[in-house]
Amino acid sequence: MARQSVSKHLAILEAANLVASIRQGREKLHYLNAVPINEIAERWINRYDQDRVRALSDLKRALEETPVEKPEFVYTTYIRTHPNACGRH
């Protein structure tokens, strides 16, 4: 990614208060502001869903810790149907 693109993205994140920056001489250090991200999570993830979300996150982390070798085959399946046919019954 070009330096100019990175600077532009960081400026957008800083304007959204998702990143805080501090100047140290010629350097500009950027830090993640976790507070707004946590507030979004609290608003959007119902307290009853937290255990399920945490379990999925733990599963993802555990699976990703195992090194992945190059697969011999990759299969892709496309299912053309009405969205309601894939929902809960």
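This is a predicted model: local features need pLDDT of at least 70, side-chain atom pairs count only at pLDDT 80 or more; totals for chains, interfaces and linings use all residues.
Helix H1 covers residues 3-15, so to speak 13 residues, and from first C-alpha to last H1 reaches 18 Å, close to the 18 Å expected at 1.5 Å a residue. Just after H1 comes Asn-17, with a positive phi of about 65 degrees.

Next, the hairpin. Strand S1 takes residues 19-24 and strand S2 takes residues 27-32; they run antiparallel, joined by 6 bridges. There are 2 residues between the strands, and Gly-25 in that turn has a positive phi of about 65 degrees. Gln-24 stands opposite Glu-27 in S2.

If you click on Ile-22, you're in strand S1. Which residues does Ile-22 touch, leaving aside those up to four places away in sequence? They are Glu-27, Lys-28, Leu-29 and Tyr-31. Ile-22 still counts as partly exposed, because its relative accessibility is 46%.

Now, how many salt bridges does the structure hold? The count is 5, and I'll show you some of them. Take Lys-28 with Glu-14: their side chains meet at 3.4 Å, N to O. Lys-28 is in strand S2 and Glu-14 in helix H1, so this pair ties together parts 14 residues apart in sequence. Both ends are partly exposed, Lys-28 with a relative accessible area of 36% and Glu-14 at 28% relative accessibility.

On to helix H3, residues 50-65. Arg-54 and Asp-51 form a salt bridge there, again 3.4 Å from N to O. The two sit 3 residues apart in H3, about one turn of the helix. Asp-51 counts as exposed at 55% relative accessibility, while Arg-54, at 48%, is partly exposed.

Further along H3, Asp-58 and Arg-61 are also 3 residues apart, and their side chains meet in a salt bridge of 3.1 Å, N to O. Asp-58 is partly exposed with a relative accessible area of 39%, and so is Arg-61 at 45% relative accessibility.

Leu-59 itself is partly exposed at 46% relative accessibility.

Methods:
Residues are numbered from 1 along each chain as its sequence is written. Side-chain values use heavy atoms; hydrogens and water are left out. Helices (H or I, at least four residues) and strands (E, at least two) are DSSP runs, numbered from the N terminus. Buried means under 20% relative accessible area, exposed over 50%, partly exposed in between (1.4 Å probe, protein chains only). Two strands pair if DSSP finds at least two bridges between them. Contact means heavy atoms within 4.5 Å. The expected span of a helix is 1.5 Å times one less than its number of residues. A salt bridge is a side-chain nitrogen of Lys or Arg within 4 Å of a carboxyl oxygen of Asp or Glu.
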